[in-house]
There are 2 protein chains.
Amino acid sequence: MLQRYFPILTWARSYDRGVLTSDLMAAVIVTIMLIPQSLAYAMLAGLPPVVGLYASILPLFAYAVFGTSRTLAVGPVAVVSLMTASAVGAIATPGTAEYWEAAVTLAALSGVMLAVLGLLRLGFLANLLSHPVISGFISASGILIATSQLKHILGVKAGGETWPEMLSGLAGAIGSTNLATLAIGVPATLFLFWVRKGLKPALQRFGMPARAADMTAKAGPVAAVAVTILAVIGFGLEARGVSTVGAIPQGLPPFTLPSTEFALIQALWVPALLISVIGFVESVSVAQTLAAKRRQRIAPDQELIGLGASNIASALSGGYPVTGGFARSVVNFDAGAQTPAAGAFTAVGIALASLFLTPLLFHLPNATLAATIIVAVLSLVDFKTPRLLWAYSKADFAAHAATIVITLLAGVELGVIAGVAVGLLLYLWRASRPHAAIVGRVPGTEHFRNVERHKVLTLPHLLSIRIDESLTYLNARWLEEYVLEQVADRPPLRHVVLMCSAVNAIDASGLESLEAINHRLADGGVKLHLSEVKGPVMDRLGRAHFLDDLSGRVFLSQDSAFAELALDTGEEPGPGDPLDARGMI
Amino acid sequence: MLQRYFPILTWARSYDRGVLTSDLMAAVIVTIMLIPQSLAYAMLAGLPPVVGLYASILPLFAYAVFGTSRTLAVGPVAVVSLMTASAVGAIATPGTAEYWEAAVTLAALSGVMLAVLGLLRLGFLANLLSHPVISGFISASGILIATSQLKHILGVKAGGETWPEMLSGLAGAIGSTNLATLAIGVPATLFLFWVRKGLKPALQRFGMPARAADMTAKAGPVAAVAVTILAVIGFGLEARGVSTVGAIPQGLPPFTLPSTEFALIQALWVPALLISVIGFVESVSVAQTLAAKRRQRIAPDQELIGLGASNIASALSGGYPVTGGFARSVVNFDAGAQTPAAGAFTAVGIALASLFLTPLLFHLPNATLAATIIVAVLSLVDFKTPRLLWAYSKADFAAHAATIVITLLAGVELGVIAGVAVGLLLYLWRASRPHAAIVGRVPGTEHFRNVERHKVLTLPHLLSIRIDESLTYLNARWLEEYVLEQVADRPPLRHVVLMCSAVNAIDASGLESLEAINHRLADGGVKLHLSEVKGPVMDRLGRAHFLDDLSGRVFLSQDSAFAELALDTGEEPGPGDPLDARGMI
């Protein structure tokens, strides 16, 4: 029981020197990768860069205690940073103390929500975000984030929440581009793109082993940071308009408390919920992928608690919402991390950086951070998925496209909500119109097939309907309409058989519809029968009065229903009788 | 096409003298029943009683043109009147012109929403109201309505939106009960109960035919109205504190226009939507029941348009939201109505009443109207359903109970919303955890059954999983977790077969989960196979890359998968090999 809520107990006991070495190695590499990224994502969130470091310390310790993934690396990530900027930007001005306090409060709210969802085992709610919706959301967020950073590359001031606003803001400001900034930003961006794509093969050509080349390439951003800092100092670029990070307070994260102001919480709870769900979905997919590679398991409901604890930790140490990041987790995994202790060691590394390295970052140009962000997020934009979805399923494509368009035009919050709503509507629409078929007997067999697809025998006084779905409240009304419509067209009808071989469950609404159909058919002189009802469904029907009231019978097989009811035409059989179906059977 | 949107065209052509006679007869009986009811429901809605008459004229003509049910009788109904009182009472004071205007606006909004839902063919959204939710809502509304009318029986002033408020209001006011009012109200209530239960058998005992006795009993409320008016006049009860209807403006309904004030519309749109959906669901169930008795059909999406037109007509003629009523439709049907023209004739009857009868109603005690309402709505309270639901399905019982409790404690709007939310949550929860089973071969057959329920053969290197549900985004994450969890426990595993005989569809999220499972299993050296994939599902899979990437194969039958994969143990077969399964096959 304790182990369930404190997964650290499962791995801490068998911790030894070998595991320690692996974890330390991974922690060093992840720390180097995380420092520029944390600064950059905090800037994206509209916060002082140092807040990114704060958000990368205590949350990692919390996850090490409560998380179930051995290799997930939590911290600030691009999409959640954008969502933070959008939520907090709506109620405070970036750069103010109120803005920071709201971000801290957002992390606290999100942390509490995640933990409560986990304790109530409500992780299934994340299912409402389908793959097409998430992928559309991530792509659109990538475009929004990259566009939002262009102003730092150009060295201009431009705002905007939505894509059209951002583009028009940039178009208006492009005339005042700062050339010195551009001279930093464009080469930095190109260099980082090359590091991503071309550095590893180049290092391998020089004889470096593949894995070492991969790890070295991850340190590329650090090189860009160092070189551009030197360039700023060497050429005195700050005097020529290049804006830099400036003074970063040195020291460990401060102790902070979220605001308890009701109006603020009221304004932030919806974005906090969306951030929680998006963060959880992103994190759990990464964790699952990595766990499967080593045949380990994660517990999604405990992951909610782990991420909740991380966010509460972030709120208590001056940070903002965090979650498990894709790129850093993969690096952590590839670098050989064995346990969440690697995360704790990374936290120590970041803490050391915030104690000793921050003075070195005074001259770091914002353009370099923007380049880091642009290169990181453009890989999130996925051009393949829309094409695949269009080919595979128009409904899924619709949910994907709606999410992209609304995220770009109306912002991240409405984008997620619209995606969930469109997906759910399409699902409910389909669930309310399940597949059903009039069936007849395949001559010479005991099989019954769709009359529209096969040459089968049917009788005018006997209608057999196969329902290919459980009977639930979503399709109960359809069931009544469908059956009664089929019956209204067939005056000589005396028997209706519902073939229930694909009915896995019947809820109370489905039962009431069956009762209504039974009574309405009886009013018209038609008997209702069931066939091939599954055992558990039959058990449940036995607890209601339906079987007592049923005008017809329950047949074990459709074949026996057909054979017996074929004889009851309601007419005297005679030679040459057109209803003389008995010869057929 | 025209006939689809104007169902009047389908029946008006063949209209003849015989149908006319039937329709006129039915109209007379329904008119007599409707006059006291309309006055009473308007009072329940917090409106002047005459508004009930207005809402029973033009809407009936509109439904006759646009409605598809031959016998549905539209007009003010109890539950919608209560919802109107709740919605309009939140923004205006009963008795004021603003209150009436808001009610007219509510009817207009509801009319437009219904018509738009109908034109967009979105009637399926009404499916979100399951039978247990509707039944709970109607029961709780009946209790709320009856309680709200007790003050008129006691002759006291008492308010309250929720049940506890109403009860405490009554408890505080009971000391100032007006005995003269009580002397009218209690006998009227008892008389109406007796009319409902005992009059018909009594009349039959006196030799009246059953149907005539039934129709005569429907006129009982008119007798109560007449007798209590005479009592008020004869004993001068108004001077003794009995409140009466008072002056009712004589004449046809006024032409009114809804407000276009944005703040009002913003305050009313949610209640308007709830009223629309509740009204539609109630109306369409009645219409369907009656249509089935004569093997007629109704078109639910056109019904939305018909009810939409009725509400717009109501808004244009000083009325408030209307829908198809259960009791009056049954009376209309039993009295022999053949076409919606009966509704139009009823409208003429009500119009005549509002032209000539209203002066007679000056002395009508409110207590009599309250008695009419109480007797009508107590039949809505359903004590049987909770018991049946408890026995049949705990989940449905939970939705039912939640709807009742929240409607009583927090009012009608939150009650409906909570019912829909609880129902949907339970549905999604179940949909996210479908049934699946590890299956094995029943010895000596080609059948594969659940290993937990049957004695079947399995192999340590081969795992067969049957999924009893379509693979959609709601269960995609579950699918990954379930399969990977099963695999994590079985180190000697080499093959996993997903038996897809119950999989009717695979959406893009389901496909992506299959791809993820395929890759993750491949990473662990396990091959994924499918068996018994249905034709349409296979066609769709052919449009994606999945089948190319699949590490294993697609088998036509589970049996052939088992037979072939049993041989591939990955070990050299030897005598006495524990995996020597070939002998079994």
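Mentor: H3(B) and H17(B) are roughly perpendicular to each other. Keep in mind that this is a predicted model, where local features need pLDDT of at least 70, side-chain atom pairs count only at pLDDT 80 or more, and totals for chains, interfaces and linings use all residues. Residues are numbered from 1 along each chain as its sequence is written, with chains lettered from A and ligands numbered from 1 in the order in which they are written.

Trainee: Why are H3(B) and H17(B) called roughly perpendicular?

Mentor: Helix H3 (residues 17-44) and helix H17 (residues 366-378) of chain B pack at about 95 degrees, axes 9 Å apart. Axes are lines fitted to C-alpha atoms, for helices over the stretch in contact, and angles run from 0 to 180 degrees between N-to-C directions. Roughly perpendicular covers 65 to 115 degrees (under 35 is roughly parallel, over 145 roughly antiparallel, the rest oblique), so this pair qualifies.

Trainee: What makes the contact of H3(B) with H17(B)?

Mentor: H3(B) brings residues including B:Pro36, B:Leu39 and B:Met43, and H17(B) has B:Leu369 and B:Ile373 among them. Contact here means C-beta atoms, placed from the backbone, within 7 Å. The residues divide into 7 nonpolar, 3 polar and no charged. (Ala, Val, Leu, Ile, Met, Phe, Trp, Tyr, Cys and Pro count as nonpolar, Asp, Glu, Lys and Arg as charged, the others, Gly among them, as polar.)

Trainee: What makes E4 and E8 of chain B edge strands?

Mentor: The open sheet has 6 strands, ordered E4-E3-E5-E6-E7-E8 in chain B, with mixed pairing. Strand E4 (448-450) and strand E8 (554-555) each have a single partner strand, so one side of each lacks a neighbour in the sheet.

Trainee: How do you know that E3 and E5 of chain B pair?

Mentor: Pairing takes at least two DSSP bridges. Strand E3 (residues 436-441) and strand E5 (residues 462-467) of chain B run antiparallel and are joined by 4 bridges, so they meet that definition. B:Ile438, for instance, has B:Ile465 as its bridge partner in E5(B).

Methods:
Helices (H or I, at least four residues) and strands (E, at least two) are DSSP runs, numbered from the N terminus. Two residues are in contact if their C-beta atoms, placed from the backbone, lie within 7 Å.
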